[in-house]
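Here is a short briefing on packing inside one protein chain. It covers cavities, nonpolar cores and aromatic pairs.

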Amino acid sequence: MQSSTIRELFLDYFSSKDHLVMPSFSLIPQSDPSLLLIGAGMAPLKPFFTGEKKPPHPRVATCQKCVRTPDIDRVGHTGRHATFFEMLGNFSFGDYFKEEAIAWAWDLVLNGYRLPEDRLWVSIYYEDEEAFKIWNEKIGVPADRIKRMGKEDNFWEIGLGPCGPCSEIYYDMGEEAGCDQPDCAVGCDCDRYLEIWNLVFTQFSREASGELVELKQKNIDTGAGLERLAMALQGVYSIYDIDMVKPVYDHFLNLADSSRRDQEVPLRIVTEHSRGITFMIGDGVTPSNEGRGYVLRRLLRRAVRFGKLLGMEGNFITDAVPLIADIMGPTYPELKEREEYIRQIIRLEEQRFQETLTQGMDILEDYIEDLREKGDNALSGDQAFKLYDTYGFPLDLTEEILEEKGINVDREGFDLNLKEQQARARAASRTSTGEESAARYRAVENLTTIFTGYETLEQSANLILALVDGDPWTELKKDQKAEVLLDYTPFYAEAGGQIGDTGYIEGPNGRFKVENTVFSPWGQIIHQGVVEEGCMSAEEKVTARVDGGRRQGICRSHTSTHLLNRALRSALGAHVNQAGSLVAPDRLRFDFNHFSALTADELQAVEEEVNKMVLANVPVRAEVTTLEEAEQLGATAIFTEKYEEDSVRMVSAGDYTRELCGGTHVSASGEIGLFKIVSEESIGSGLRRIEAIAGLIAYRQTVEQDRLIEKIAGSLNTLESRLEQKFEEYVVEHKALQKANQEMKQRLAVSEVKTLLSEAKKVEGINVLSARVNTDNQESLRMVMDEVKNHLPSVVVVLGAISDGKVILVGSATPDLVSRGLRADQLLKEVARQVGGGGGGKPELAQAGGKDAAALPSALDSVENLVRDQLKAAGKS
């Protein structure tokens with residue numbers, strides 16, 4: 001049975017059992033800072049399990065793409081472990097429970113997939129008598145084929161909160177897949193007994209006291225690994241032999257050096273990781289040194305390293321993307337849609353890593369050789385950090401390479417080196433956790449606030465709650481900072497890149513200045529600010545007024561981002577997707593996926609297209625529709641977001657652009673007035689950022705630039721229309737003057753050298769020249785030194801000069817003298833020390849500087865003795 005059929009049969013079966021079949025969620029978790037990536041079928045549904053959100057249906061079924069890395073070290077070494085996999089799952093939110101979950105799973109396995117019953121085994125939590133009775137008495141599984149297992153294997157919990165026992169279905173792959181141990185049975189770590197389905201019965205809550213309390217609403221969370229089911233149904237012993245993975249394995253097998261094709265583990269690793277890499281980038285993850293971007297970078301660099309061990313050449317991970325997209329595209333069409341973008345991101349990362357891999361490996365081999373000579377078996381934290389920081393080696397990769405050679409890494413030392421860097425990153429990204437936010441706003445959980453700001457900027461309302469540091473207050477006094485909730489509000493809460501509104505809330509006895517507007521964890525609109533006049537009381541009637549001028553600036557910026565998004569896709573290609581934004585009254589920022597800097601012509605084309613749409617003054621309208629209808633109309637969505645199926649807000653600017661968006665906008669594009677790009681830059685691998693301005697701010701900047709051009713033209717005594725020509729003339733003239741100046745310096749250097757040569761001394765038969773030169777820059781000093789060497793082919797020369805009260809030094813030893821043990825870098829280091837400075841370079845050439853100009857003469861006089869000392873040291877060695 002093909003994988004596509006396995007997937008389809010599962011979803012159809014549970015659809016027939018009144019489950020809502022939902023498409024796979026993105027690998028990037030939404031509104032869950034506790035997760036880097038989706039690693040289980042239930043992870044995107046967690047708000048429905050916790051009660052934070054109401055599920056769209058009490059029964060749901062999905063085939064969820066997942067990435068999970070705890071078992072990364074086992075990938076390739078077994079036939080069943082993977083970092084990327086598809087998890088088939090059926091879920092109940094307070095609806096059915098154990099009996100139905102068990103009965104349906106068994107029915108599908110036996111009668112749907114037609115797996116032979118005599119090869120099926122079941123495990124339960126050892127205290128779950130209810131599950132045992134269902135399996136044994138109602139389903140008819142013999143007691144000797146039901147294995148009781150402990151808490152570690154068959155009880156699911158993560159800290160405090162919902163938890164419960166598990167029951168698993170295993171498929172016996174046969175003795176040939178086993179470990180040949182006499183005690184091999186269900187639960188053995190070999191590949192014989194393959195877990196194909198896990199049923200989690202969430203029926204308890206773990207309290208702080210450690211007690212298990214029965215939940216009123218019991219839930220079902222099941223997971224059946226598609227790849228493992230395919231192994232059983234296709235009669236193969238590893239995921240690398242199933243229909244949707246084997247073509248990728250064979251592809252890499254053909255790329256491997258013929259002498260290394262028997263190296264199974266590296267081939268498996270490259271194959272497995274390439275699938276996860278493709279899906280992660282397809283969902284918007286980009287390589288970085290933090291978070292999910294680091295997970296991606298680690299997988300990609302690990303795959304490259306193992307591919308290189310197999311003799312693979314070129315961008316072999318990049319070249320596998322079309323094959324993976326062809327295989328998986330029918331189920332995940334986004335892979336085909338974003339295929340070129342995925343290839344570009346992988347190519348950039350692959351090339352960068354390959355450039356440093358050889359050099360980094362050479363450094364690591366030197367470290368290993370040094371450790372062996374010393375009889376040491378631990379790489380220092382300093383060395384591991386240098387590989388990480390300078391050569392881009394993830395610590396895991398360094399550890400993996402060294403583990404193969406029996407060498408450890410000083411993790412503690414590495415962590416100390418990394419501490420300051422990590423502290424800065426944490427400080428930059430530190431935010432309140434979801435749990436802290438939920439605790440702070442617990443008092444608002446059951447309140448309702450209604451947004452009216454699409455239609456009006458002024459609203460009569462009731463002040464339903466006031467909070468000070470999370471605690472409810474009945475009355476707020478002047479100058480008191482607080483958070484206020486209204487039953488109706490025109491204030492837009494920060495979301496989707498658009499910053500929150502500001503303004504005032506006025507009551508009968510006072511006025512509250514709104515400094516920001518945000519959402520609570522449960523979606524209520526919260527006004528943050530300070531009592532500016534009088535006092536404000538809960539339950540009183542108020543008038544809420546948004547700062548209209550500021551809101552209008554925000555609307556201009558927001559509609560501009562929609563036009564910019566479309567213009568970028570027109571100019572650069574359909575791979576462009578929004579990766580983030582900031583919509584403020586005075587500026588906008590738009591982050592997007594693209595693999596290279598925009599040229600000046602591309603930026604001009606984008607800016608011009610946006611302004612053409614501004615001049616067209618097309619109507620900007622918002623409508624609520626279904627997700628399916630919006631997609632049929634060509635609406636653009638942020639592909640890392642998840643939208644409700646039955647209700648989405650679509651904003652259109654004529655027929656030019658349609659986007660799913662909850663923000664505020666102008667009513668016609670002409671209200672933007674003028675759009676101007678300020679900057680374009682890289683913010684990460686495959687990520688670009690454009691900053692722009694709109695409206696009066698853009699006009700003012702244009703006026704300022706015109707004034708500057710007028711001023712420059714006046715200074716050059718020319719017309720603005722001839723400014724470019726005049727500038728080019730000045731450039732030509734400047735280059736000619738530079739050339740003449742250089743020639744003059746050369747003649748002066750030659751002239752000065754004649755005087756300097758007479759000061760050369762013989763030290764142990766060697767020409768030594770140390771002298772002060774009348775110049776104020778290092779370039780001229782080096783020029784004089786080169787002239788000296790032209791006249792004295794064998795010489796040690798040290799020259800000094802004073803520039804802005806500071807010492808500058810250059811030194812050189814000709815190659816024949818270096819071979820005798822003389823080193824210009826060491827000479828100059830000692831001379832620089834005498835003038836209060838330092839420097840460095842190579843044995844043949846060095847430069848330095850210092851602060852003590854008065855000490856220069858004596859420092860130069862010491863050169864002869866320093867040369868003697870070096871010669872003596874060389875003679876002794």
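For the lining classes below, Ala, Val, Leu, Ile, Met, Phe, Trp, Tyr, Cys and Pro count as nonpolar, Asp, Glu, Lys and Arg as charged, and the others, Gly among them, as polar. The model is predicted. A search of the whole structure finds two cavities of 30 Å³ or more.

**Second largest cavity**
- Its volume is about 30 Å³.
- The lining consists of Ala 82, Phe 84, Glu 227, Ile 239, Tyr 240, Val 245, Glu 272 and Arg 275.
- By class, that lining has five nonpolar, no polar and three charged residues.

**Nonpolar cores**
- The largest core has 115 residues, and Trp 135 and Trp 197 have the most contacts inside it.
- Helix H12 (residues 339-374) gives this core its largest share, 11 residues.
- A second, separate core has 28 residues, including Cys 555 and Phe 590.
- Leaving out residues up to four places away in sequence, Trp 135 touches Trp 106, Ile 169 and Leu 199, among others.

**Aromatic pairs**
- The structure holds 20 aromatic pairs.
- Phe 14 and Trp 104 pair edge-to-face, with 6.5 Å centre to centre and 75° between the planes.
- This pair links helix H1 (residues 3-16) to helix H3 (residues 98-112), 90 residues apart.
- Both Phe 14 and Trp 104 are buried.
- Phe 84 and Phe 279 have ring centres 4.3 Å apart and planes at 20°, so the pair is stacked.
- Phe 84 lies in strand S3 (residues 84-93) and Phe 279 in helix H8 (residues 264-282), 195 residues apart.
- Phe 84 is buried, with a relative accessible area of 1%.
- Ring pairs join Phe 10, Tyr 13, Phe 14, Tyr 96, Trp 104 and Trp 197 into a cluster.

How values were computed: Residues numbered from 1 in each chain as written. Predicted model: local features only at pLDDT ≥ 70, side-chain atom pairs only at ≥ 80, totals over all residues. Heavy atoms only, no water. Core = buried A, V, L, I, M, F, W, Y, C linked by side-chain atoms within 4.5 Å. Buried < 20%, exposed > 50% of the residue type's maximum accessible area, 1.4 Å probe, protein only. Helix = DSSP H or I, 4+ residues; strand = E, 2+ residues; numbered from the N terminus. Contact = heavy atoms within 4.5 Å. 1 Å grid on protein atoms, 1.4 Å probe; cavity = no way out; pocket = protein on both sides within 12 Å on 5 of 7 lines; lining within 4 Å. Points joined across faces, edges and corners; volume = space filled by probe spheres on them. Phe/Tyr/Trp six-rings, centres within 6.5 Å; stacked < 30°, edge-to-face > 60°.
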